Amino acid sequence: MDSSSRTQPQPPPAGGDPSEDESAAELPRLTVTQVEQMKVEARVADIYRVLFDAAPNAKSAVLELWRDQHVEYLTKGLRHLAPSFHVLDANRPWLCYWMVHGLALLDETLDDDLENDIVDFLSRCQDKHGGYGGGPGQLPHLATSYAAVNTLVTIGSEKALSSIKRENLYKFMLLMKDKSGAFRMHDGGEVDVRACYTAISVASLVNVLDDKLARGVGNYIASCQTYEGGIAGEPSAEAHGGYTFCGLAAMVLLNEVEKLDLPSLIGWVAFRQGVECGFQGRTNKLVDGCYSFWQGAAIALAQKLMTVVAEQSKPSYSSKLSSVDDACGTSSSGLASEKSPIVDYVKFGFDFMKQSNQIGPLFHNIALQQYILLCAQVLEGGLRDKPGKNRDHYHSCYCLSGLSVSQYSAMTGSDSCPLPQHMLGPYSNLLEPIHPLYNVVLEKYEEAYEFFSGE
Ligand SMILES: CC(C)=CCC/C(C)=C/CC/C(C)=C/COP(=O)(O)OP(=O)(O)O
Ligand SMILES: [Zn+2]
């Protein structure tokens, strides 16, 4: 998308006399500082009522995405990290991903030197036997491998994509496979749904996913779906939005989504949207901007799975769902025992995105945008969990990812643009669309798909 066609929004002035500014002049009773204070008190509905009663035209001043500020915050963060990358942290590929992806969502290109620095740094994080660690010489880990691969796909250059040692990555992932079929995060590490998702997402993205990697994963994930309907990190744990996204996305990539009880999963996710308009991660917890992605994207995936939902909603279905216990896991239905010996796994992610939404948003998409724009944005740039918390790169990445998901959630065609009524604030708020199975910008995914499908 061409950002030059958009007018750059300006944030409202930070505090001060409202009469100093034309848009603020329409806010006779509230300064921005007062608005901030009300947010801290979590009185979002009050802010809205008072603002709109007092000054209907103030709507766009408050509901703008402060692009320039977010770009500055993320770019500064990357420049601080590169070129030495000398922070004592095992999360450096994640820091790269959160900032590079955030900037890509904002349609901001990095300069060549910065891109090269990041590619070189991630190459140094790549273990000689495969997989990426949190820094050079660190133990390879599935989560940092996911962050590194998503960063390189987002950078998208020949140098970036060809720096990924796919054969070694495949061998590393095979080593991380547990006898249950699930994956462990690192050598001697924990087995959980996050590990399953990061392994399957990376393997699918770089086109090395095969039956050996896939076997048993779907059954493990299905065993983590709880009585509430959401998915937990491991069997018998509590359903959580992060793991629900991971589990559902992995199941789609494995073509085993029928092993989940989708109606109950969707119901659980939809009810995690609170009166504050954002999502909570689990029952009885506070809303948090990052769940705009984890929960919002789970719903976005479900919008393309309505055929399965309809099938599972038939009274005759329940006995079939509970009898899914085949450990091989290459069947697309979980119902039948027929299996194809050669499964073209890379196509599942590709074909899924080509499908249109089969239903409108199953959450309040405008309300979610309201939470992100009004409560999660920080005036100086960057996004946060909730009012009263500081901005950080993780929340900036996932609030922006969730904003993109909610902006595109009401579209029916897979390649059209959202209508203005599906977006809150000016149309210049529109972000780049993502591929919700991997959380990379769609265009970048398509380029990587072309690149790796020839391999
Ligand atoms: C790809 C990848 C690595 C995905 C990770 C998914 C993810 C966000 C999992 C959440 C983990 C978790 C139980 C957080 C609870 O934190 P908390 O108790 O501080 O928060 P809460 O009160 O909101 O539950
Ligand atoms: Zn959070």
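Which helices each supply at least two residues of the shell around ligand 1? They are H10 (193-205), H13 (241-254) and H15 (291-302). Helices here are DSSP runs (H or I, at least four residues), numbered from the N terminus.

This is a predicted model, in which local features need pLDDT of at least 70, side-chain atom pairs count only at pLDDT 80 or more, and totals for chains, interfaces and linings use all residues. Residues are numbered from 1 along each chain as its sequence is written, ligands are numbered from 1 in the order in which they are written, and side-chain values use heavy atoms, without hydrogens and water.

**Ligand 1**

The ligand has 14 residues around it (a heavy atom within 4 Å). His240, Arg282, Lys285, Tyr291 and Trp294 are the closest. By class, the shell holds 8 nonpolar, 3 polar and 3 charged residues.

Taken alone, ligand 1 exposes 640 Å² (Shrake-Rupley, 1.4 Å probe). The protein buries 70% of that area.

**Second largest pocket**

The second largest pocket has a volume of about 410 Å³. A pocket is an open set of points on a 1 Å grid over the protein atoms alone, where a 1.4 Å probe fits, with protein on both sides within 12 Å along at least five of seven lines. Its lining counts 22 residues (an atom within 4 Å of a point). Closest to the centre are Trp94, Ala143, Arg194, Trp294 and Tyr394. Helices H5 (92-105), H7 (142-155), H10, H13, H15 and H20 (393-408) each give two or more residues to this lining. The lining divides into 13 nonpolar, 8 polar and 1 charged.

**Aromatic pairs**

The whole structure contains 19 aromatic pairs (ring centres within 6.5 Å). One of them joins Trp98 and Tyr394, edge-to-face (planes over 60 degrees apart), at 5.5 Å and 75°. Trp98 belongs to H5 and Tyr394 to H20, so this pair ties together parts 296 residues apart in sequence.

Methods. Ala, Val, Leu, Ile, Met, Phe, Trp, Tyr, Cys and Pro count as nonpolar, Asp, Glu, Lys and Arg as charged, and the others, Gly among them, as polar. Grid points are joined across faces, edges and corners, and a volume is the space filled by probe spheres set on the points. Rings of Phe, Tyr and Trp (its six-membered ring) pair if their centres lie within 6.5 Å; planes under 30 degrees apart count as stacked, over 60 as edge-to-face and the rest as tilted.
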